[in-house]
Amino acid sequence: MNPVQQAVQWLNDPLNWTIPGGILDRLGEHLTISAAAVVLGCLVAWPVGLFLGHTGRGGSVVVLISNLTLAIPTIALLTILPLTFLGFGQKPVIIALAVFAVPPLLANAYTGLREVDPEARDAARGMGLSGGQLLRRVELPLAVPYLAAGFRTAAVQVVATAALASFVNGGGLGQIISAGFGLGMSVGGGQILAGGVLVALLALAVEGILAVVERIVTPRPLRRTRRLADRRAAAVGEA
């Protein structure tokens, strides 16, 4: 039986879905880790990006932070962080993945505010809006396509990379792959392939769901800018 047939057989076994530590348990862990990492990345990246974009200063800082965080391999962080007070488990995984999520979130938050039409800003200031009101009522709504595109890119990247959590006993679908390697390719090859397929399908599902959400939260007049935001997010993710 080749690995593909083994993978199909493994996925069709109900026990592999329902037993403790099975697919459903690992899926829940994977989603929990990914969600926590993206939320943490948003809490760090969005305030910085929005502030710098609103003030119109710090473009070089955004580039520097994005390049630095991209230059740090996630696997390196997963190797170093467990040796600190964080120990092994989900905490170091969440922090490492949050660092990985920062570049698209930060860059798109900054770009979204800088792409706001200067005439819209001038009109808002002419109406007597303060800096905070300008940010909340004008700049943020117009930057929604960029924020949504950055969130979508970061989420998909984190979901796909969270499989590395198995290296530090962090749980997630990567544990299925690691367990397969522990059995050896002749016995566990199908399980390894099944785990990889599950991670890929989950990433595609997140991509599709967030694409729909992005369209819903984007005001209709701004939807024409969605393609541009997607291209910018993709460029940041590939840099």
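S166 is buried in this predicted model, at a relative accessible area of 14%. The residue sits in the loop between α8 (131-161) and α9 (174-183). Elsewhere, the structure holds three salt bridges, and a nonpolar patch lies on the surface.

**Around S166**
- S166 touches G171, G174, Q175 and S178, leaving aside residues up to four places away in sequence.
- A polar atom of the S166 side chain lies 3.5 Å from the backbone oxygen of G174.

- R152 pairs with E207 in a salt bridge, with 2.5 Å between the closest N and O atoms. R152 lies in helix α8 and E207 in helix α10, so the pair ties together parts 55 residues apart in sequence.
- R152 also forms a salt bridge with E214, at 2.9 Å between the closest N and O atoms. This pair links helix α8 to helix α10 across 62 residues.
- R152 is buried at 13% relative accessibility. E214 is buried too, whereas E207 is partly exposed at 27%.

- R26 and E29 meet through their side chains in a salt bridge (2.9 Å, N to O).
- The two are three residues apart in helix α3 (residues 23-55), so about one helical turn separates them.
- R26 counts as buried at 19% relative accessibility; E29 counts as partly exposed at 23%.

**Nonpolar surface patch**
- V4, V8, L193, V197, L201 and L204 form the patch, with about 510 Å² of accessible area together.
- α1 (3-11) and α10 (185-217) each supply at least two residues. α10 gives the most, with four.
- L193 belongs to helix α10 and is partly exposed at 34% relative accessible area.

Conventions: Residues are numbered from 1 along each chain as its sequence is written. This is a predicted model: local features need pLDDT of at least 70, side-chain atom pairs count only at pLDDT 80 or more; totals for chains, interfaces and linings use all residues. Side-chain values use heavy atoms; hydrogens and water are left out. Buried means under 20% relative accessible area, exposed over 50%, partly exposed in between (1.4 Å probe, protein chains only). A polar contact is a pair of N or O atoms within 3.5 Å; within protein, one must be able to donate a hydrogen and the other to accept it, and residues adjacent in sequence count only if both atoms are side-chain atoms. Contact means heavy atoms within 4.5 Å. Patches are made of residues with over 30% relative accessible area and no salt bridge: like charges are joined within 9 Å, nonpolar side chains (Val, Leu, Ile, Met, Phe, Trp, Tyr) within 5 Å. Accessible areas come from the Shrake-Rupley method with a 1.4 Å probe; for residues, only the protein chains shown count as cover. A salt bridge is a side-chain nitrogen of Lys or Arg within 4 Å of a carboxyl oxygen of Asp or Glu.
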